[in-house]
Amino acid sequence: MFNYRVLQYGLIVFLAIIFSVVVIYGVLVGRDESRSKLSLYNANQILVGLGYFKKDQARYPSPNEFSDKGVMLNYFSVYPFPVIASTLCPQNFQYTTSKSDNFSLGFCLDSNYDGGKKGLNYFGPDTTVTRE
C-alpha cells in the first residue's frame with residue numbers, strides 16, 4: 001500500500017526548495033540591478049560635474065585634477081563617490097584624458113541596465129546625460 005503522507009511531505013519539501021531558489025535568484029538580480037542603477041546615476045553626475053568644470057576652465061580636468069578632492073569638490077557635492085562593490089571591475093570609475101577637450105569615463109555595471117552592458121562601459125564628452 002502506498003503511503004500518501006510521505007508523498008505529501010516530499011511535495012511540500014520540493015515546493016519549499018523551488019520557492020527558496022526563486023526568492024534567492026530575485027534578491028541577487030535585484031541587488032545587481034540596484035548597483036547598476038547607482039553606478040549609472042553616479043556616472044551621469046560625474047558627466048554633469050565635468051561639464052561644469054569645462055564651462056569654468058574651458059577644458060576637462062587632467063587625471064591628477066580629477067583625483068584631487070580639493071579641486072573636484074568645487075563641482076560635486078560628494079567626492080570621491082561612494083565605492084560600489086563589484087566582482088566584475090576592480091574600481092567603480094576610471095577617468096582618462098589625452099587632450100584638454102576630450103575624456104573617457106569608464107564605469108562598471110553589474111547587470112545590463114538602461115542601455116548599458118554588464119561590465120565596463122564608457123562615457124565621453126558627447127554622451128547625453130540622462131536625468132532621473
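A disulfide is a pair of cysteine sulfur atoms within 2.5 Å. With that in mind, let us look at this predicted model, which holds 1 disulfide.

## The disulfide

The two partners are Cys89 and Cys108, and their sulfur atoms lie 2.2 Å apart. Because the torsion about this S-S bond is about 75°, the disulfide is right-handed. Where do the two cysteines sit? Cys89 belongs to the loop between helix 3 (69–72) and strand 1 (93–96), while Cys108 is part of strand 2, so the bond ties together parts that are 19 residues apart in sequence.

Are these cysteines buried or exposed? Buried means under 20% relative accessible area. Cys89 has 10% relative accessibility, so Cys89 counts as buried. Cys108 is also buried, because its relative accessible area is 4%.

## The salt bridges

Next come the charged pairs. Searching the whole structure turns up 3 salt bridges.

| Residue pair | N to O distance |
|---|---|
| Arg31 and Asp32 | 4.0 Å |
| Arg35 and Asp110 | 3.3 Å |
| Glu65 and Arg59 | 2.7 Å |

Take Arg35 and Asp110, whose side chains meet in a salt bridge. Arg35 is found in helix 1 (residues 4–57), and Asp110 is in the loop between strand 2 (104–109) and strand 3 (119–123), so this pair ties together parts that are 75 residues apart in sequence. Arg35 is partly exposed, at 23% relative accessibility.

What about the pair Arg31 and Asp32? Arg31 is partly exposed at 40% relative accessibility, and Asp32 is partly exposed too, with a relative accessible area of 22%.

In the salt bridge between Glu65 and Arg59, Arg59 counts as partly exposed, with 25% relative accessibility.

## The largest pocket

Finally, have a look at the pockets. What is the volume of the largest pocket? It is about 210 Å³. Its lining includes Ile46, Phe66, Ser67 and Lys69, along with Tyr79, Pro80, Phe81, Pro82 and Val83. Gln91, Asn92 and Phe93 also line this pocket.

How many residues of each class are in the lining? There are 8 nonpolar, 3 polar and 1 charged residues.

Definitions and conventions
Residues are numbered from 1 along each chain as its sequence is written. This is a predicted model: local features need pLDDT of at least 70, side-chain atom pairs count only at pLDDT 80 or more; totals for chains, interfaces and linings use all residues. Side-chain values use heavy atoms; hydrogens and water are left out. On a 1 Å grid over the protein atoms alone, a cavity is a set of points where a 1.4 Å probe fits but cannot get out, and a pocket is an open set with protein on both sides within 12 Å along at least five of seven lines; lining residues have an atom within 4 Å of a point. Grid points are joined across faces, edges and corners, and a volume is the space filled by probe spheres set on the points. Ala, Val, Leu, Ile, Met, Phe, Trp, Tyr, Cys and Pro count as nonpolar, Asp, Glu, Lys and Arg as charged, and the others, Gly among them, as polar. Buried means under 20% relative accessible area, exposed over 50%, partly exposed in between (1.4 Å probe, protein chains only). Helices (H or I, at least four residues) and strands (E, at least two) are DSSP runs, numbered from the N terminus.
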